[in-house]
Amino acid sequence: MAVPVSLPDPQEEQPDRKAWRDRALPPVQDLGGGVWSIPVPIPDNPLRYTLVHLLESDAGPVLVDTGWDDPTGRELLRAGVAEAGFALEDVHGVLITHHHPDHHGLSAHVRASSGAWVGMHAAEAAVVRAIRDVPAEKWIDRMARSMRAAGLPEEHLAALRSWGDDSEAGPAALGALVPDRELVHGESAGVPGRELRVMWTPGHTPGHVCLFLDERPRTRLLSGDHLLPTISPVVSLYPENPQDEPTDPLGDFLDSLERIAALGPEEILPAHQYRFTDAPGRVRELLDHHAARLADLHRQLRGRPMTLWEAAQGMHWNRPWSELGFLARHLAVSEAAAHLRRLVKTGLAEAVTDEEPALYHAR
Ligand SMILES: [Zn+2]
Ligand SMILES: [Zn+2]
């Protein structure tokens with residue numbers, strides 16, 4: 001397909017950057033070269049919206065992510081696709097960066113409206129299938145078991161159970177459409193007439209992908225949640241896999257970041273906040289951030305052996321531990337768990353007992 005010779009200058013003050021600063025919803029934007037961004041709101045979430053991207057193709061528009069499923073989201077997605085000159089019914093395919101409901105939420109709605117195929121990495125499709133097949137109580141049980149092993153107090157476990165029971169944010173809300181196409185690392189994403197390649201970037205989730213648009217006049221990376229301009233995506237332990245392999249999501253995440261820096265896309269189109277340049281610079285910041293977090297946790301474990309829960313309390317968070325609410329503590333321990341797994345994998349920490357709760361010390 002024809003690609004115009006000029007794109008908007010990425011250094012200019014962009015409507016999406018301004019909207020993020022002003023805490024507003026950005027407009028639908030024509031990013032040039034047959035790429036559009038369509039903001040779809042996320043209710044009650046500080047991220048506020050997902051940037052769904054529409055790629056024009058020889059077979060009709062293809063969406064990268066679909067957004068949170070509620071009546072407002074459905075309406076704004078349809079209106080955004082119309083602003084790009086298409087109907088939702090025209091959508092030819094959907095590429096999903098990862099299964100979180102702010103990305104994959106509206107996929108079933110789009111497929112029902114248009115008959116579009118939905119593509120996802122195999123490791124991510126396995127998560128969607130597991131969520132579909134395992135009842136919500138089991139997920140909470142599993143989470144509670146790993147949290148007990150981490151030494152969490154009973155009142156935190158009780159709060160976790162009641163959160164799972166009545167929260168929209170609980171695992172039950174994550175159930176979503178199983179994809180019908182597989183996205184394979186290094187291969188074409190299957191968008192007719194476009195040079196779009198799949199980059200597997202595990203870490204935030206096991207099967208997260210970025211999509212590399214290798215077209216002139218500048219290369220662009222649709223980065224999902226993997227690379228954002230100022231926010232560091234949550235990296236916690238993956239939901240336990242059937243083989244119970246001790247996976248290393250933080251190690252995966254750091255490797256995925258290095259791969260993006262080596263690729264050196266000229267512009268990043270993330271799914272939150274706003275688009276930006278200098279991917280290697282942003283990657284460096286994130287690598288430094290996690291190196292500091294690993295050192296912080298390692299320092300905690302240097303004294304007496306302690307549980308993950310105890311070690312997490314000594315780490316630096318955006319507020320003192322005593323001021324963190326239940327969910328913030330839960331996220332903090334989840335993040336600490338991914339960092340502890342990395343320390344153990346790299347030989348910098350080890351468990352001193354097999355008992356529950358497990359005790360760790362630095363090596
Ligand atoms: Zn996510
Ligand atoms: Zn997201």
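Trainee: Which strand is Thr50 in?
Mentor: Thr50 is in strand E3, residues 49-55. Helices (H or I, at least four residues) and strands (E, at least two) are DSSP runs, numbered from the N terminus. Keep in mind that this is a predicted model, where local features need pLDDT of at least 70, side-chain atom pairs count only at pLDDT 80 or more, and totals for chains, interfaces and linings use all residues. Residues are numbered from 1 along each chain as its sequence is written, chains are lettered from A and ligands numbered from 1 in the order in which they are written, and side-chain values use heavy atoms, with hydrogens and water left out.

Trainee: Is Thr50 buried or exposed?
Mentor: Buried, with a relative accessible area of 0%. Buried means under 20% relative accessible area, exposed over 50%, partly exposed in between, using a 1.4 Å probe and protein chains only.

Trainee: And what does the side chain of Thr50 reach?
Mentor: The backbone oxygen of Asp102, at 2.8 Å.

Trainee: Which residues is Thr50 in contact with, leaving aside neighbours within four places in sequence?
Mentor: Contact means heavy atoms within 4.5 Å. The list for Thr50 includes Ile38, Pro39, Val40, Asp102, His103 and His272.

Trainee: OK, switching to Thr66. Where is that one found?
Mentor: Thr66 is in the loop between strand E4 (62-64) and helix H2 (71-83). Thr66 also counts as buried, at 0% relative accessibility.

Trainee: Which backbone atoms does the Thr66 side chain reach?
Mentor: There's the backbone nitrogen of Leu106 at 3.2 Å, and the backbone nitrogen of Ser107 at 3.0 Å. Beyond four places in sequence, Thr66 touches Leu106 and Ser107 themselves, and among the others are Val40, Val52, His103, His104 and Gly105.

Trainee: Zooming out, how many helices and strands does the chain have?
Mentor: 11 helices and 13 strands. The radius of gyration is 21 Å, close to the 21 Å that the globule rule gives for 363 residues, so the chain is as compact as a globular protein of that length. That radius is taken over C-alpha atoms, and the rule is 2.2 Å times the number of residues to the power 0.38.

Trainee: What does the C-alpha trace span?
Mentor: About 65 × 40 × 40 Å along its principal axes.

Trainee: Last one: what percentage of the residues are buried?
Mentor: Buried residues make up 51% of the 363 in the chain. As for contacts between residues at least 6 apart in sequence, 64% join residues at least 24 apart.

Methods. Polar contact = N/O pair within 3.5 Å; in protein donor to acceptor, adjacent residues only side chain to side chain.
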